[in-house]
Structures are given as C-alpha cells and as structure tokens.
2 protein chains.
Amino acid sequence: VYVLRRLHAADDEPDAATLGLHFDLTVPFARYVLENAGKLDFPFRRYQIQKVWRGERPQDGRYREFTQADIDVVARDALPFHHDVEIARVMAQALTRLAFLPPLRLQVNNRKLIEGFYRGVGAPDPSAVMRAIDKLDKLPPAAVEKLLIEQAQVSTEQARLCLELASIRTTDSSFADKVSALGVQHELLSAGITELVAVIDGCQPFASDRFVVEADLSIARGLDYYTGTVFETRMAGHEHLGSICSGGRYDSLASDGTTTYPGVGISLGVTRLLVPLLIRGELSASRSVPSAVLVAVVSDDDRGPSEAVADALRARGIATEVAGSAAKFGRQIRSAERRGVPFVWFPAHGEVGHEVKDIRSGDQVAADPALWEPPAGDRRPTVNTVSTASSEPKVEAK
Amino acid sequence: VYVLRRLHAADDEPDAATLGLHFDLTVPFARYVLENAGKLDFPFRRYQIQKVWRGERPQDGRYREFTQADIDVVARDALPFHHDVEIARVMAQALTRLAFLPPLRLQVNNRKLIEGFYRGVGAPDPSAVMRAIDKLDKLPPAAVEKLLIEQAQVSTEQARLCLELASIRTTDSSFADKVSALGVQHELLSAGITELVAVIDGCQPFASDRFVVEADLSIARGLDYYTGTVFETRMAGHEHLGSICSGGRYDSLASDGTTTYPGVGISLGVTRLLVPLLIRGELSASRSVPSAVLVAVVSDDDRGPSEAVADALRARGIATEVAGSAAKFGRQIRSAERRGVPFVWFPAHGEVGHEVKDIRSGDQVAADPALWEPPAGDRRPTVNTVSTASSEPKVEAK
C-alpha cells in the first residue's frame, strides 16, 4: 500500500522506488519460504509478531500501523490435513490463556464443504453463490435470496438450500447431521464435512463459556483465496471490530513454478484486539510502572546505600527504582503510591536496619536486600479487567 | 529520511505526504513528552525497543531497517545529575547480563569537562577544537595538531594541551588527577570532572575484564548536541562496527517554548550488535526450533493420544510439537535430532506406558505427561558462543 521515497534521493537511486512497507505477514513469509526452501526442514512452522501497514483512515479497530501475530505451517508439495487442526488448537490454547479478554468465539468453516454443497445442489457458479452468501451479515435473507437467484443464477429451491446451509451453526460436530439432513450429495462436500468435524473436535479441549468454538457455515469471506479450513474470531461486546483472529488453508501459499508450498495459518490482530479494550478502560495495568520497589534515599549527599539495595534486588529480577531525592519519607512514599509501586524500601541508616513497607497495608518489616522477595503477584504489573455492560453477555451460539 | 506515498493515493489526501518512518527513537520520545507533559509524572523513565529506518547502503553493521533499544529519563525544567549515573548503571547492568557477547568497553566523556578545558587554555572557538579532536580516530596526532592550529586557531602550546587531554584514558577516576596535572583551570572543567568521576565510580560494581568502564577524554563525537555526559561502547573484535551503544545528556531534549525538558539516555543498537555476530557464527542457538519435546505418533489414524500429551506438556509451558506422521520411531527420532529437539516422547500404546527419551544420551524412562519436566537448561534454546580469533583478546584500556 505504501511505497517509500528517500528525501534527497539521488536520481540514480533505482531501488528507492521499489521499497515498501509490509501489508501483512503472509506475503513476506511466502517470499521467505521460496528464498530459503533449500535450507528449511518441512513441514516448517513459524510464528511472527510484527507491524504491518494499511491504507486505512484511522478509527476504532482500524489503524494505519498495527501489530499482527501470525502462526503458519508450510510444507513442500503436500501438507497433511492434521496441521489445520494443529493451527486451530495452538491458537485456541493461546487465546484461552488470555483470560483478561472478553469472551471469544472462534468460528470455523470449510471451503470444500461449501463449494461441494453448492456444486451438489447444481449451482452453475459456486463463487457467485459465495459472494451472495457473504452479504448475509449486511442484508436480510430475502435480499440475499434475490441476489442468489439474480446474480448466482440458481433456482428458488437451490437458493433455499444454500440459505439453509448458511443458517447452520453448532458448537460441536452435530452440524454434520444438519448438513446431511438437507439431502445434498457431493464428494467435495463429504471431504469438507470430515475436515470441519476434525477441527471442531480437535478444539473441544479448549472450549468453554469464555471460548466458544463453533462451526459456522455462513462464513464466506476469504473463501475465494482459502482452499479448505477458514477461521474467524469475534470478541463479545466488540463485534463491530469484525474478526480479530482469522486465517485458513491455502493450498498454494507460495509457488516457484515447479514446486508448490501449501500452508495453513492464522493471524491475531494484536492492536485491533487490545487498543479498543485499553481505550474503553476494559483493560488496564495494576500500576503505571514496572517497578515493584522504590528505594528511599536518606541523604542527597550519598545515594550509594540506596543504589546498592537496588542493585541487589535487580540482580534477582525485582524491578526497582531509587527515589529522586532525599525528600521526607512521607513524600517519597506518596511518589510510590501515585504510580502504584507497592513497596518502599528504607535502607539501613544510623541504628536502623533495612526495612521494607507494603504501602497498601502499611506493614513495615525488617528485610535483607539479598533475600527479600515480593509476593509473586506483585513482581510484575498485572492486567486489571473491568467488564463494561456491553461485554457482559456471554458469547453464545446464535 | 523516508517519506511515504500511498499507492493509488487520491489527490485530496493531504496527509499522505506528511507520513514518515522513524529515524531514531529520541525524536518520537521528545514528541511524546511534549504531547503528554500534563499526564506524566516527572522524572519520567521509559524504555522503548523498536525499529528505525535510515538511508544507508546496507552493509555489515549498517542497515536500512534495524532495531534499537533506548532508555531515557526526562524531567521538567531540571533533571538532577544523578540520573546520568543511573542511566549508565542500568545499561551497564543490562549489558553485563548478556554474557554471550564479546567483551565490551563503555567509554564515557563529558562535554563540560572538554569545553571547560578548551576555554581554560584560552581556545577562541571550543567547538572548532572538538571538531578537530574528533578526527583523532582517523588522522595521526600531528595532522590533528595542524587542524587545531589552522582551523581552531589555537597556539602550538594550546594544541599540545588539547592533544594531551585527548590522550587520557583511565578505567577509574584517576583521570581527574591527570587532567589536574595539565594545570588548566576553569569552573566548567571542574564541574565536568566531578560529573565524570561520579559516572565512572557509579559503574564500578559492574566493571570486569569482560565489561570495561573507561573515562576516554578523546571522545568528541556527539559533543555538539550533548551538554554533559556522553557514552559510546565498543565491542572487542568488532571495533569496525563503531559504537554499539551510545547516548548522553541533553539539557533540552524537548521544549515547547516556555518549558524545557532535559533528558539523559542511551541507545543500544540491537541489530548492529547481534547481526554481525550471527553472520560470523560467533553466536548461534542451541537448536533451530523452540521445541524441547517431539511427541511421536503411533498411528496416523489416531493422533489424539499424542496431541493429549502435547497439551499436557504445553499447559506447563514446555514447548512441544507432535510428529508429522506415524513413521518408524527411528525416523521420528531423526527428525527431532536434525533440528536439535532434545527429547522424544512415546505416548502410551498397547501394553507400554508413556516413555520419554533423551536423544543425546539415549536414556529412555517412564514418564507422566502431567509431571515430567525437562532439565532447566533444556526448556528453551540457549545461546552458543564461539569466540573467533579476532574476539579473543580481552578488552583493555588502550
């Protein structure tokens, strides 16, 4: 989307115009696979968390510069189907660990299933049917039926079956029976059902009220470039963001003319997911700084004893800062309090030994800089969640 | 350096031409401070690890797109000097933890010291003296002396003193005596000596054969924009890369016309540091994948038992992959071996219970997926170091 121009570029600088910014992480990955095919051990799994750039008008959930986190598996010539299940399971397991997120719904569909069904009903142009079905989230079914008949050139009965198929949503593999009940037969349809059953079943160990895994046969977006499994993910109370985690199977992620590299992957929109939650205050940090401890300073003439305490704590991985000046202790404590730093350390001075104060409880105890540990929950800032009214409803199958 | 143009940009899109890529992390930080001054708690400390872009011709140690890691402290109106010591200590502590790096030398100088000395000797244009002294790493002293006399308009005796000053390098605060021995007096010189002594002394707890901290009074680069402390860092055997970690004190990091925000910071060139070491094989990973365990597959018809083992291990943070197919166990083991995965897990099958094999020793033992732990050293890939001849010599003060 963006090309670069170097300011003061010389006229004889041919490559300036050929530099651009990544639109996604899939195209650079495909290029990497082609350039390194001789060195890679296939199937090759990779994750990549990186910024990408789009030509967006910046708004809620849409950014010009944002971060994606992708996982993909790619093979040479053939990639066994079980990697579709693996990708779904890995992302499901990762997302269920993010317990601070609103409830999520992973929606899965399969192009073979959809295309096989459309072929089975005798639709002359399955792609046109997909394009019409894709409008279901914007148009009422009657309007989509009209599109199916007029643009996809199917009969009223064929349109009814296609709309029936798109209405199927189940959180287990019972969708397969519902599809069979429609009485349509096609080899590709059977293959697609088998695959979708495997993905839905494979994700069951991670399914819960807060992480719904659902076969949703209305998903048609992306089915023009995916060749099998397709993933989308909605976040409860934030459906207007669209899918926050999408992907699928490409039978030809990359190709050099003689060899084809099929892949399956999924991409989490890190910025799209987190920024709206942060902006609305649904997510916040337990403190505004990493520091677990502020070491008080006794005398501006000698910061050494305070620095030594900080060194001893930091050497054991405890985030520590030293107060800016030897203000009254009450003022040093308030400076910690203001930023949520839970502990203030008073270095040994005069007759008094080292002491550390939990400024929430006020408890102050003797402590050794070489041994003292904060409670595990205070070591790092934690994520606070505030459910807003709109994110309260649990995610349920529609 | 780079400005962006959106492909297919509309003519009425005025902002396309005003978008650019970061040249460094300091300018964006200064802008952030000005825009958020009302909300920040000063002194404000921040770290930032991010990509920046330069108009380089890509070569060893020079990149068009690379990653920097910056730490800075900024205050409103006045920033106590002890933050210069803090910044030096934090970076020293961080770098000494990177035990896989070749020996490093943190070189510190101070603009007040240098400028005060030049004023004390009566140089008419201290900046011109600095520009000449900055040439010392490229020209012999006699040539620099000529520059001093001709361009900085100092006398032969003044030039001698300036060159004497630039020859002072000590790994402790004894440089102060050597400066005093030159018999030059100036208020600014005294202030600079006091500051540089504090930085050098403050870093002593982290100094070692592998991390030399040195007052180097020849450092003149950056002294045109820094106003006090200046840092550079060299890596043994890789001196041609220049400084891999630089920074200093700006008395005016940012200003909005009425308020000034002084800052002190240092920036680590992550890419410049690591890529040459990786390219030369001085650094490598103990294995090519994160996986500590490969779970073998007994039957292609049922990957479930293997996936269940992987889930149990992953739930405890053990990076695990499942074999691609139920090939002969010997072949599955070789696939792990090829990528350095240290353990192969054989899921319970038939009469045989779960077993795990350390493929380096060949030891195979019974194990419970819910309890087994790899040795701590095998949990994650580790960094292997190979010292090349050129990085063998210890870093020593010249």
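How many disulfides does the structure hold over all chains? The count is zero, where a disulfide is a pair of cysteine sulfur atoms within 2.5 Å. One cysteine to look at is B:C245, which is in no disulfide and whose nearest cysteine sulfur, that of B:C203, is 11 Å away. B:C245 is buried, with a relative accessible area of 0%. (Buried means under 20% relative accessible area, exposed over 50%, and partly exposed in between, using a 1.4 Å probe and protein chains only.) In chain A, A:C162 also counts as buried, because its relative accessibility is 0%.

Before we go further, a word on what you are looking at. This is a predicted model, in which local features need pLDDT of at least 70 and side-chain atom pairs count only at pLDDT 80 or more, while totals for chains, interfaces and linings use all residues. Residues are numbered from 1 along each chain as its sequence is written, chains are lettered from A and ligands numbered from 1 in the order in which they are written, and side-chain values use heavy atoms, with hydrogens and water left out.

Let us turn to a sheet in chain B. Its five strands form an open, mixed sheet in the order β12-β11-β13-β14-β15. Helices (H or I, at least four residues) and strands (E, at least two) are DSSP runs numbered from the N terminus, and two strands pair if DSSP finds at least two bridges between them. At the edges of the sheet are β12 (320-322) and β15 (364-366) of chain B, each pairing on one side only.

On one side, β13(B) pairs with β11(B) in the parallel sense over three bridges, and B:L294 stands opposite B:V344. Four bridges also join β13 (residues 343-346) to β14 (residues 355-358) of chain B, and these two run antiparallel. Here B:F343 faces B:D358, while B:V344 stands opposite B:K357. In a regular strand the side chains alternate between the two faces of the sheet. In β13(B) both faces are covered: B:F343 and B:W345 are buried on one side, B:V344 and B:F346 on the other.

Helix α10 (residues 304-315) of chain B lies across β11 (293-295), β12 and β13 of chain B, running at about 170° to β12(B). Such angles run from 0 to 180 degrees between N-to-C directions, with axes fitted to C-alpha atoms, for helices over the stretch in contact; contact means heavy atoms within 4.5 Å. Helix α11 (residues 329-338) of chain B packs on the sheet too, touching β11, β13 and β14 of chain B.

Elsewhere in chain B, helix α5 (residues 141-151) has the buried residues B:V144, B:L147 and B:L148. They cover an arc of only 100° around the axis, so they lie on the same side of α5(B); the arc is that of the directions from the helix axis to the C-beta atoms. The face turned away from this buried side carries the exposed residues B:A142, B:K146 and B:E150. Among the elements covering the buried residues of α5(B) are α4 (126-133) and α6 (156-166) of chain B.

Our last stop is B:V184, in the loop between α7 and α8 of chain B. B:V184 counts as buried because its relative accessibility is 10%. Leaving aside neighbours within four places in sequence, B:V184 is in contact with B:F117, B:G120, B:V121, B:L161 and B:L189.
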